[in-house]
Amino acid sequence: MNDHHMTDPGRTIEMDLGADGHTDRFLKIVNHVSRQNISMCWHCWTCGGGCPFSQHMDLLPNQVIRLIQMGRGEDALRCNTIWLCVGCHTCSSQCPNSIDVAAVMDALRQLAIRDGITAPEMDIFRFHKYIYESIERHGRLNKLAAMVQFKVGSGRLFSDLQSGLKMITRGKLEILPQKVADRDELNRIFTHYDRRRRSFDAHE
Ligand code: SF4
Ligand code: SF4
């Protein structure tokens with residue numbers, strides 16, 4: 001078995017290259033959900049070099065990719081990197097192998113939510129969930145409802161109350177949700193997404 005170590009101050013992951021029977025399965029699932037070919041990553045570190053949030057991440061983006069290649073799904077789904085990623089696509093635009101790293105991070109968030117894996121950054125996890133639910137329901141983000149859900153979920157109901165009220169009086173936060181006119185189209189998008197989810201469940 002070959003053991004390598006990727007080192008960076010504060011971050012070390014064991015590069016265990018001894019593949020086990022589960023390695024392919026997790027890699028295939030993430031490839032399918034993200035529509036990427038993660039095996040193409042040659043670990044040039046370009047993605048981490050350009051990432052504006054890398055200094056706060058417990059693993060660099062390519063280290064997360066390495067965990068996927070190694071089939072270490074649980075480790076990949078438990079790191080804070082996938083929740084700190086804001087999907088800015090800086091990494092995706094710079095990858096010499098055209099891997100859309102932001103799409104990989106998004107796929108990992110979906111898988112973590114599906115598997116009920118607790119995020120190390122629970123506030124970001126909740127924020128992601130409420131925004132997703134608002135868009136699924138209305139086709140638009142209802143900021144006020146998402147904010148209230150977030151406050152209740154995090155137990156910090158009255159923090160930022162003053163600025164929230166100011167935003168409402170200045171018309172920055174709408175009280176009633178805006179809804180897309182074409183509900184059928186919205187339902188088709190989410191049905192398509194559910195079908196994709198079922199198809200990646202079939203990989204297991
Ligand atoms: S930039 Fe692309 S090839 Fe380089 S480490 Fe990141 S994902 Fe891998
Ligand atoms: S998309 Fe995510 S991982 Fe990529 S550069 Fe932006 S924040 Fe970093």
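1. Start with proline 61. This residue sits in helix α3. Keep in mind that the model is predicted. Proline 61 counts as buried because 29 other C-beta atoms lie within 10 Å, and the cut-off for buried is 20 or more.

2. Look next at what surrounds proline 61. Setting aside neighbours within four places in sequence, its contacts are Cys47, Gly48, Cys51, Thr81, Cys91 and Val101. Proline 61 and cysteine 91 are 30 residues apart in sequence, yet 8.5 Å apart in space, C-alpha to C-alpha.

3. Now turn to ligand 2. There are 14 residues around ligand 2. The nearest of them are Cys51, Cys85, Cys88, Cys91 and Ala102. Two of these, Cys51 and Cys91, are also on the contact list of proline 61.

4. Which helices supply at least two residues each to this shell? They are α6 (90-94) and α7. Helix α7 has the largest share, with three residues. By class, the shell holds ten nonpolar residues, four polar ones and no charged ones.

5. Then check the largest nonpolar core. This core has 34 residues, and Val30, Ile68 and Leu108 have the most contacts inside it. Two or more residues come from each of α1 (23-34), α3 (61-69), α4 (73-78), α5 (81-84) and α7 (101-114). Helix α7 gives the most, eight residues. In soluble globular proteins, nonpolar side chains tend to be buried together.

6. Finish with leucine 108. Leaving out neighbours within four places in sequence, leucine 108 is in contact with Val30, Ala76, Leu77 and Ile82. Val30 is itself among the core residues with the most contacts.

Note on methods. Residues are numbered from 1 along each chain as its sequence is written. Chains are lettered from A and ligands numbered from 1 in the order in which they are written. This is a predicted model: local features need pLDDT of at least 70, side-chain atom pairs count only at pLDDT 80 or more; totals for chains, interfaces and linings use all residues. A nonpolar core is a set of buried Ala, Val, Leu, Ile, Met, Phe, Trp, Tyr and Cys residues joined through C-beta atoms within 7 Å. A residue is buried if 20 or more other C-beta atoms lie within 10 Å of its own, exposed if 12 or fewer, and partly exposed in between; C-beta atoms are placed from the backbone. Helices (H or I, at least four residues) and strands (E, at least two) are DSSP runs, numbered from the N terminus. Two residues are in contact if their C-beta atoms, placed from the backbone, lie within 7 Å. A residue is near a molecule or strand if its C-beta atom, placed from the backbone, lies within 6 Å of it. Ala, Val, Leu, Ile, Met, Phe, Trp, Tyr, Cys and Pro count as nonpolar, Asp, Glu, Lys and Arg as charged, and the others, Gly among them, as polar.
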